[in-house]
Amino acid sequence: RGLGDVYKRQEYSMVTNLTIVNSEIIDLIAKYKIITQVSIDGIKEDHDKRRIYKNGQGTYDTIISNLKTLLNNGLKNLVTIRINIDETNTKQADILFKTLKKYSDDIYFGILRSYKGINDNYKQNCFKGDCIDNISTEQLHDIYVNNGFEVPQKFGKKSPCGLNAQNKYIIDNKLNVYKCDLLINHPECRVGYINEDGKFFIEPNYYQQMAFSPFLFKDCLNCKFLPMCGAGC
């Protein structure tokens, strides 16, 4: 392929609670090869306390049923499963991995940290301090190996943050456009929006965020990970 072909290629992904999977959605996922990510917040008992319908009913059984549907339709290679790990459910990590590995070849652990304005109501359960490193190295590494999965260099997403990728965007359900999924629900941070005709309108934040660099921060200059983290979150 020529260089032009690379720029023409488009890749799609979506983050979903996976509570609705029908023939129309299956056709769209298959046609556009949409990487479909769903999060699991623990075993059924715990997940159903955190991810619920408006009527209070849990969503675990629905998610598992829809994962089976995607599997049966030959879409396993397009499914990504995020297992959220916090200070309350680390002992469930291995059980969850064994339960879910049949539905996806791309499973990763989401190490929950506190993000201001994102998960304020949940921060009491988030990891703090050195506890994250200890769990990552001692427990999660063995889970990958024992289940026949390749251990990622760093526990977390395989793809880079959208803020570090020139042509990667995150679109919310109101068609606001962001460069990082952690900025969703902060409209003051959006880089543009898509109108009803499908046209993308760029706003000044786009240029400010694309110019973001760790070299602009004094505290970053002596860091051994510079510039890989992009100055972090």
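How many bridges pair strand 7 with strand 8, and in which sense do the two run? Strand 7 (residues 192–194) and strand 8 pair over three bridges, in the antiparallel sense. Strands here are DSSP E runs of at least two residues, helices are H or I runs of at least four, and both are numbered from the N terminus. Two strands count as paired if DSSP finds at least two bridges between them.

This is a predicted model, in which local features need pLDDT of at least 70 and side-chain atom pairs count only at pLDDT 80 or more, while totals for chains, interfaces and linings use all residues. Residues are numbered from 1 along each chain as its sequence is written, and side-chain values use heavy atoms, with hydrogens and water left out.

The overall picture comes first. The chain has 233 residues, and 36% of them count as buried. Buried means under 20% relative accessible area, exposed means over 50%, and partly exposed lies in between (1.4 Å probe, protein chains only). Seven helices and eight strands make up the secondary structure. The accessible surface is about 15,200 Å², with 51% of it belonging to carbon and sulfur atoms; these areas come from the Shrake-Rupley method with a 1.4 Å probe, and for residues only the protein chains shown count as cover. A contact means heavy atoms within 4.5 Å. Taking contacts between residues at least 6 apart in sequence, 48% join residues at least 24 apart.

Four strands line up in the order 1-2-3-4 to give an open sheet with parallel pairing. Strand 1 (13–15) and strand 4 (106–111) sit at the edges with a single partner strand each, so one side of each has no neighbour in the sheet. From one strand to the next, the twist averages 25°. Helix 5 (residues 93–100) packs on this sheet and touches strand 2, strand 3 (79–85) and strand 4, its direction making about 165° with that of strand 3. Such angles run from 0 to 180 degrees between N-to-C directions, with axes fitted as lines to C-alpha atoms, for helices over the stretch in contact.

Strand 2 (residues 35–40) is joined to strand 1 by three bridges, and to strand 3 by five, again in the parallel sense. Strand 2 is mostly covered, with five of its six residues buried. To get from strand 1 to strand 2 the chain passes through helix 2, in a right-handed β-α-β crossover; right-handed means that, with the strands pointing away from the viewer, the path from the first strand over the helix to the second runs clockwise.

Leu18, in the loop between strand 1 and helix 2, has a positive phi of about 55° although it is not a glycine. Lys33, in the loop between helix 2 and strand 2, likewise has a positive phi, near 50°. Leu18 is buried, with a relative accessible area of 3%, whereas Lys33 is exposed at 56%.

The largest nonpolar core holds 30 residues, and Leu67, Leu70, Ile81, Ile83, Phe97, Leu100 and Phe109 have the most contacts inside it. Such a core is a set of buried Ala, Val, Leu, Ile, Met, Phe, Trp, Tyr and Cys residues joined through side-chain atoms within 4.5 Å. Elements giving two or more residues to this core are helix 2 (23–32), strand 2, helix 4 (60–72), strand 3, helix 5, strand 4 and helix 6 (131–146). Helix 4 gives the most, with five residues. Strand 3 also carries Arg82, which is buried at 19% relative accessible area. Its C-alpha lies 8.6 Å from that of Asp41, 41 residues away in sequence.

Tyr193 stands opposite Phe201 in strand 8. In the loop between helix 6 and strand 5 sits Tyr169, partly exposed at 32% relative accessible area. Leaving aside residues up to four places away in sequence, Tyr169 touches Val177, Tyr178, Lys179, Phe200 and Tyr206. The C-alpha atoms of Tyr169 and Lys179 are 5.1 Å apart, with the two residues ten apart along the chain.
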